Amino acid sequence: MPEFRVETPQRCYPAIVERGIVSRTAKYLPPKAGKVFVVSTEDVWRHQGEVLANALASVSHEALFLPGGEERKRLAPLEELAEEMLERGADRTSMVIAYGGGIVNDMAGFLAAIFMRGIPVVQIPTTLLAQVDAAIGGKTGVNLLGGKNLLGSFHQPLAVLIDPALLDTLPDREYRAGLYEIIKAGIIREVGLFEFLEDCSAEVLAREPDAVDRIVADSVRMKAEVVSADEREGDLRRILNFGHTFGHALEAETHYTRFLHGEAVAWGMRAAVHLGRLTGHVGAQDGGRILAMLETYGPIPPLDGISAENLFARLAHDKKTVQGNVHFVLPVRIGEVTVISGVAEKLVRESIEQALP
Ligand SMILES: NC(=O)c1ccc[n+]([C@@H]2O[C@H](COP(=O)([O-])OP(=O)(O)OC[C@H]3O[C@@H](n4cnc5c(N)ncnc54)[C@H](O)[C@@H]3O)[C@@H](O)[C@H]2O)c1
Ligand SMILES: [Zn+2]
């Protein structure tokens, strides 16, 4: 099964895509590790806890639970968890296994980053979005009232264990939201993946194991390559933000309640295609293929009542705005995007209007 190297200045580690790998988790823990703290949520544990608990039967471990939900992705629950770890005998030799969706990966990763100034973490992502994106690259953190992921650090894991079998219990909406990040991977760098998603949409949507394993592996390889080439928010890693500048504006405007992250990114990719058309970066044919792909894996929830003007105002507040300059990742052709700034406001407004129904 495919194993990809993630090479960063902080650490080099494997991201392994393998059905059933969770049952072999113990093999990936350092032999001298002290107590293992599994950090999950009660929801994930109910669906998929047993397989990990069995895998750790011979390892000294404790399971701890975070509250789920974006609004609880805050520092306070981490402080409580850290106190609980200490009460249960955690010390510098302890380690964390992050077992859950992107929220758990980010929060448990951050807990490991700051507990006693840093203990190791193994990431075991359980949502499609986390398997292909959140768990790889070492970004960890929590939200502030003023914005998402504003408190955090880079803390690279010892390993990322990606088990597509865990996705069997994932609700359909969460699965499709993750697929949009995979579509993004195809658009920005992976022509073969994009074509597979075009040709085999029925198999992908039916979660046929061979199709799922392939699209997950392709996306993980892409993310591992990009992160290895550019760990921090440099030029290459910026391409991962395709669809995200517009998407973040939509998430913020709807207070993170109407759209899942992947759904907002799907809308953002649509807007980016329109902007790419207006600026002349992408032609009608490739732009049309991207829009058709988004339709095939859609629909996203309805966009009624959302104001184009408000979305435009939100763009200026994007965290990745550099000195007031909004950067846009625009499609050039399938498998290639470009990062530009200084786009005329009029064109940005027009692309938002075209992307709203
Ligand atoms: N660090 C990064 O690079 C990065 C990248 C992308 C996203 N993120 C973060 O990821 C978060 C979103 O992650 P998400 O979409 O995975 O959401 P999530 O963590 O909230 O999980 C979504 C839902 O799926 C449930 N779930 C998880 N695994 C399951 C399974 N196997 N079976 C059944 N239900 C399951 C969870 O309980 C939850 O209700 C955001 O906070 C975002 O900021 C981080
Ligand atoms: Zn994303």
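I begin with the largest cavity, whose lining residues divide into 4 nonpolar, 1 polar and 4 charged. Here Ala, Val, Leu, Ile, Met, Phe, Trp, Tyr, Cys and Pro count as nonpolar, Asp, Glu, Lys and Arg as charged, and the others, Gly among them, as polar. The model is predicted: local features need pLDDT of at least 70 and side-chain atom pairs pLDDT 80 or more, whereas totals for chains, interfaces and linings use all residues. Residues are numbered from 1 along each chain as its sequence is written, chains are lettered from A and ligands numbered from 1 in the order in which they are written, and side-chain values use heavy atoms, without hydrogens and water.

The volume of this cavity is about 50 Å³; a volume is the space filled by probe spheres set on grid points joined across faces, edges and corners. A cavity is a set of points, on a 1 Å grid over the protein atoms alone, where a 1.4 Å probe fits but cannot get out, and lining residues have an atom within 4 Å of a point. Helix 5 supplies the largest share of the lining, 4 residues; helices are DSSP runs (H or I, at least four residues), numbered from the N terminus.

Among the lining residues is Glu-181, which counts as buried at 3% relative accessibility (buried means under 20% relative accessible area, with a 1.4 Å probe and protein chains only).

Note on methods. Buried means under 20% relative accessible area, exposed over 50%, partly exposed in between (1.4 Å probe, protein chains only). On a 1 Å grid over the protein atoms alone, a cavity is a set of points where a 1.4 Å probe fits but cannot get out, and a pocket is an open set with protein on both sides within 12 Å along at least five of seven lines; lining residues have an atom within 4 Å of a point. Helices (H or I, at least four residues) and strands (E, at least two) are DSSP runs, numbered from the N terminus.
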